[in-house]
Amino acid sequence: MSADREALLARLAGLERENRALQAKIRLLDEGRAKQERIADTHRRLLRCVNRDYEESLAVIERQHADALRLTAELTRYRNELQDLVAERSAALHQANERLRNLSLKILAAQETERRWLSMELHDGVLQSLAAVHIFLQTELQGLASRLPEQSFDKLRLAARTVGEVMRDMREVVASLRPPMLDDVGLEAALRALVKKCLLPCPAIRARISIEVGDTGLHEEQKIICYRILQEALSNAARHSRARNLCVEVSRDSGGLAVRVQDDGVGFDPAASRLEGVGIESMRERVRLLGGSFQLEAAPGRGVRLSAFLPCAVTPEES
Ligand SMILES: Nc1ncnc2c1ncn2[C@@H]1O[C@H](COP(=O)(O)OP(=O)(O)OP(=O)(O)O)[C@@H](O)[C@H]1O
Ligand SMILES: [Mg+2]
């Protein structure tokens with residue numbers, strides 16, 4: 001009986017121990033749960049803060065986005081307005097340029113008309129009078145040889161010779177004022193004659209010539225400018241180049257006339273500021289007036305290559 005009691009007491013003591021251990025565990029668990037609660041609480045607070053910050057940031061971003069959109073719309077409007085303005089100004093500029101070009105072309109045409117008129121006046125007026133004086137002097141001279149003192153006769157003979165020389169110079173002037181053949185035989189033949197005439201005083205130059213332009217469909221300014229450019233280029237080659245070879249090419253396609261003159265002479269430095277003539281500048285200017293292109297490549301000792309393009313499309317306004 002007492003053994004049973006002993007066993008029971010031991011059992012009871014064991015149970016109490018277990019109970020205490022369990023209670024300790026329960027306490028630990030309670031403490032852990034409380035800790036967890038605190039942590040969860042902190043997390044919730046943090047989350048609320050983060051959320052609030054996030055929402056505030058979102059609102060700021062949305063505001064900034066709306067501002068950016070407004071700004072973009074404004075910029076687009078400004079850009080469009082500017083584009084319209086630029087287009088308007090460009091059109092006005094283009095128109096002004098066109099007017100200026102037409103005006104310059106008309107001045108050029110007027111100049112040529114004036115030159116033609118002057119050449120006719122000189123030819124039909126002054127030259128005819130000089131010719132009459134020349135014939136008179138020569139006729140008179142024949143009869144006066146025996147009747148005049150020798151000194152007077154020599155003076156008269158000198159006067160007749162001088163009149164003859166003046167007439168020759170005058171013919172040159174008349175010819176240079178208006179390309180004489182342009183009206184009569186057309187551009188192609190006039191250009192061929194020009195090349196022949198310009199190269200006559202330079203027998204040392206070997207020339208390769210190709211002129212294929214025809215005569216139909218070219219307007220007056222184009223023909224005259226083409227003639228004048230070739231005239232100046234050949235005159236420069238003859239006067240300055242000391243070339244052995246010269247290549248002259250005038251060709252035509254549906255777009256316009258192309259003039260190329262190249263020599264293998266002494267060349268020159270186009271950038272040198274002391275170029276005194278007006279020939280090159282006047283070629284450049286004439287081509288510009290036609291809306292064409294002009295290039296001159298030159299270097300000392302390396303000859304000169306000139307190319308000009310005269311477009312067909314230019315038709316100066318009538319008014
Ligand atoms: N083919 C060439 N070879 C060598 N030098 C040249 C040639 N063409 C032009 N030059 C040089 O360029 C200069 C300017 O030429 P440009 O035709 O403008 O005037 P210019 O011939 O001297 O005078 P202008 O043509 O007014 O009668 C010439 O003086 C010459 O020194
Ligand atoms: Mg010249």
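**Exercise 1.** State which of the 15 residues around ligand 1 come nearest.

Solution. N236, H240, G277, G279 and I280 come nearest, out of 15 residues around ligand 1; a residue is near a molecule if its C-beta atom, placed from the backbone, lies within 6 Å of it. The model is predicted: local features need pLDDT of at least 70, side-chain atom pairs count only at pLDDT 80 or more, and totals for chains, interfaces and linings use all residues. Residues are numbered from 1 along each chain as its sequence is written, while chains are lettered from A and ligands numbered from 1 in the order in which they are written.

Next, α5 and α6 (279-289) are the elements giving two or more residues to this shell; helices are DSSP runs of H or I, at least four residues, numbered from the N terminus. The most come from α5, with 4 residues.

**Exercise 2.** Describe how α4 and α5 pack.

Solution. The axes of α4 (residues 187-199) and α5 (residues 220-241) lie 10 Å apart at an angle of about 15°; axes are lines fitted to C-alpha atoms over the stretch in contact, and angles run from 0 to 180 degrees between N-to-C directions. The two helices are therefore roughly parallel, a term for angles under 35 degrees, with roughly antiparallel for those over 145.

**Exercise 3.** Work out how α1 and α2 are oriented to each other.

Solution. Helix α1 (residues 2-144) packs on helix α2 (residues 150-177) at an angle of about 160°, their axes 9 Å apart. The pair is therefore roughly antiparallel.

How values were computed. Parallel < 35°, antiparallel > 145°, perpendicular 65-115°, else oblique.
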